[in-house]
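This report looks at how two chains meet and at the spaces around them. Keep the sequence and the model in view while reading.

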Amino acid sequence: MKEEMVTASDVKFSYRGGELVLDGVGLRVRRGEILGILGPNGSGKTTFIKCLNRILKPHQGEILLQERNLEDYSRKEVAAKVGFVPQRSDSGVSSPMVFDIVMMGRRPHMTWQSGKEDESIVWAIMEELDVAHLATRHFNELSSGQSQRVLIARAIAQDADVLLLDEPTSNLDVRFQMEVMGLIRKIVDEKNVCSCAIVHDLDLAMKYCDKVILLNDGKIRSAGTPLEALTCETIREVYGVRAYIEELHGRYRVLVE
Amino acid sequence: MVVVIFVTMGYSFTVGTANLTPRESYEVLLGQLFPDHFPEYPPNYIFIMMNLRAPRVLVGALVGAILGIGGCIMQSILKNPLATPYTLGVSSGAAVGASIYFIFGISIFGGHAGLISNAFFFSLLPVCAMMFVLLRRTVSAVTLVLSGVAFSYVFSSANSIMQYFGDDSAVAQVVFWTIGDLTSSDMWMVPVLFVGLVAYLAITWYLGKDMDIMRMGDDTAASLGINVNLVRGLALVVACFMTALAVACAGPIGFVCLLAPHICRRLVGSELRWLVPTAACFGSILLLVSDMIAKTVLAPQMLPVGAVTALIGAPIMVYMLYSKRGMRS
């Protein structure tokens, strides 16, 4: 069995004493796995993912990072282990250059200034993700696909073992969706890391995720491999639409009526 | 740019209402430092240089730099191109302090330091309140801007009420003070401002990288191991404190905070570690040049420098904004 990277159990969270957004959710991710977090809007997906790198602190429940309580890590240690790509990044007054953004990922590993080594790491990653030619461009000049790749590059530069991705394929066209998910698959396999990704597209989840959890109203409706967790019943119950799982050209697809 | 500052300062020393030749001005100045090497001048010359011109130039340069940096920090932290320390109520607070001094004659410290201590103390009120909240919970940039604006309104109504009851000459003094002027500069301010400026530069250099990352969003910054609330709170408090110091010395000179960062961003980009020193230099130069113009245009009448900075600065800013449309704003 591969090493357990993140284990969360019975996590409860609410914003400022309001209703419970997360009501006893959990997950388990091992090295080399992509876990898809699915569920309708407002089901607590983003909140959950933010608990996993301690941006938010759950009221109850336990989150273990490599079998050690997340609370016991320092900020910098968490940052060196868990990379996060948020849904949107707005840069306010003026936007930084692509190279600087990817370099930000090196922060948890720097003491004072970035060194030659950091620079070469950053260049290598930018080459790998095909954003090196954008190095001196400003972030807000990029297309959605390019900016998504840049943000993923930053998370990889972080050299993290766990990649948390909040809707990595939102705003992307079909080709880029496949490209980005393929990229994540490749990174997870090659670097032997793991990833928790919020995915909206059930088809993409079927194709790229090893496991999924399906959230509804802050609770887990079903979990397991995509085929186990995404069934006609669970989809109907959670999303309120009628769907069929069909095999087509050797892979399973979700057809929504 | 540092060279330009010194040239401007050097020239600035020689400009004034009194008829001193440049040579005389410098000999008086240097004579204060090395009494043996220079001829002695009559005491009124020395008085002009040491009490009027030198403090004015030095305080002007330092205040300009401090205001320039304040603008950079606020625009970056509050993610708002219009933000300055004044947005958070620093200047309106100072104006209330000044009003209390002029109209009621009440001040925290008596005598000479009354006005300055009042302005300083009141300009720190809003940031103290904000710090109080920030220590308890996370506050977003928008909330900070809005509460700052609210503070400004409270202060300006307090000001209006005081002016309503105040007598004419006191109200006139308040109005003049709020334009911003370097006439009340004094030699003792120079070391205070200088030490402050050095510390200020050091702190912004230290926080600069984290603040740059925070522009990508609080969540991103937090995921990279930054204590977002701490960095933001520290930057705000330091910037407001330093601006309060500058405002207490020279009055709320507007526009430098807004102009310097925008122009310098076009010169060196938006990375704070480079932007901040550049904006400091630019702020200095802008204030020195404005002050020279203020001293000379209607000589022997002096214009308030606060009015002149905006008069010169605004066209430069508009020109820069429109002329380089290709560059990112």
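Start with one pair of side chains. Lys50(A) and Asp219(B) meet in a salt bridge, at 2.7 Å from N to O. The model is a predicted one.

**The interface**

A second pair also forms a salt bridge: Asp210(B) with Arg107(A), at 2.6 Å from N to O. Asp210(B) lies in helix α8 of chain B, while Arg107(A) lies in the loop between α3 (98-104) and α4 (116-128) of chain A, so this pair joins two chains.

| Residue in chain A | Residue in chain B | N to O distance |
|---|---|---|
| Lys50(A) | Asp219(B) | 2.7 Å |
| Arg107(A) | Asp210(B) | 2.6 Å |

The rule finds 2 salt bridges across the interface of chain B and chain A. Over all chains, the structure holds 22. The interface also has 5 residue pairs in polar contact, with both residues at pLDDT 80 or more.

Which helices of chain B supply at least two residues each to the side that touches chain A? They are α8 (189-214) and α9. The largest share of that side comes from α8(B), with 5 residues. By class, the side of chain B that touches chain A has 8 nonpolar, 9 polar and 10 charged residues.

How many residues are in contact on each side? Chain B brings 27 and chain A brings 32. Together the two chains bury about 2600 Å² between them. Of that area, 55% is on carbon and sulfur atoms.

**The largest pocket**

Now turn to open space. The largest pocket holds about 1500 Å³. It is lined by 44 residues. Closest to its centre are Ile55(A) and Leu56(A) from chain A, and Thr138(B), Asp218(B) and Asp219(B) from chain B. Asp219(B) is also the partner of Lys50(A) in the salt bridge described above.

The largest share, 4 residues, comes from α9(B). Sorted by class, the pocket lining has 16 nonpolar, 14 polar and 14 charged residues.

**The cavity**

What about enclosed space? A search of the whole structure finds 1 cavity of 30 Å³ or more. About 50 Å³ of space lies in the largest cavity. Its lining is made up of Ile156(A), Asp159(A), Ala160(A), Leu163(A), Ile187(A), Lys191(A) and Val193(A). By class, 5 of these residues are nonpolar, 2 are charged and none is polar.

Technical notes:
Residues are numbered from 1 along each chain as its sequence is written. Chains are lettered from A and ligands numbered from 1 in the order in which they are written. This is a predicted model: local features need pLDDT of at least 70, side-chain atom pairs count only at pLDDT 80 or more; totals for chains, interfaces and linings use all residues. Side-chain values use heavy atoms; hydrogens and water are left out. On a 1 Å grid over the protein atoms alone, a cavity is a set of points where a 1.4 Å probe fits but cannot get out, and a pocket is an open set with protein on both sides within 12 Å along at least five of seven lines; lining residues have an atom within 4 Å of a point. Grid points are joined across faces, edges and corners, and a volume is the space filled by probe spheres set on the points. Ala, Val, Leu, Ile, Met, Phe, Trp, Tyr, Cys and Pro count as nonpolar, Asp, Glu, Lys and Arg as charged, and the others, Gly among them, as polar. Contact means heavy atoms within 4.5 Å. Buried area is the accessible area (1.4 Å probe) that two parts lose on being put together, summed over both. A salt bridge is a side-chain nitrogen of Lys or Arg within 4 Å of a carboxyl oxygen of Asp or Glu. A polar contact is a pair of N or O atoms within 3.5 Å; within protein, one must be able to donate a hydrogen and the other to accept it, and residues adjacent in sequence count only if both atoms are side-chain atoms.
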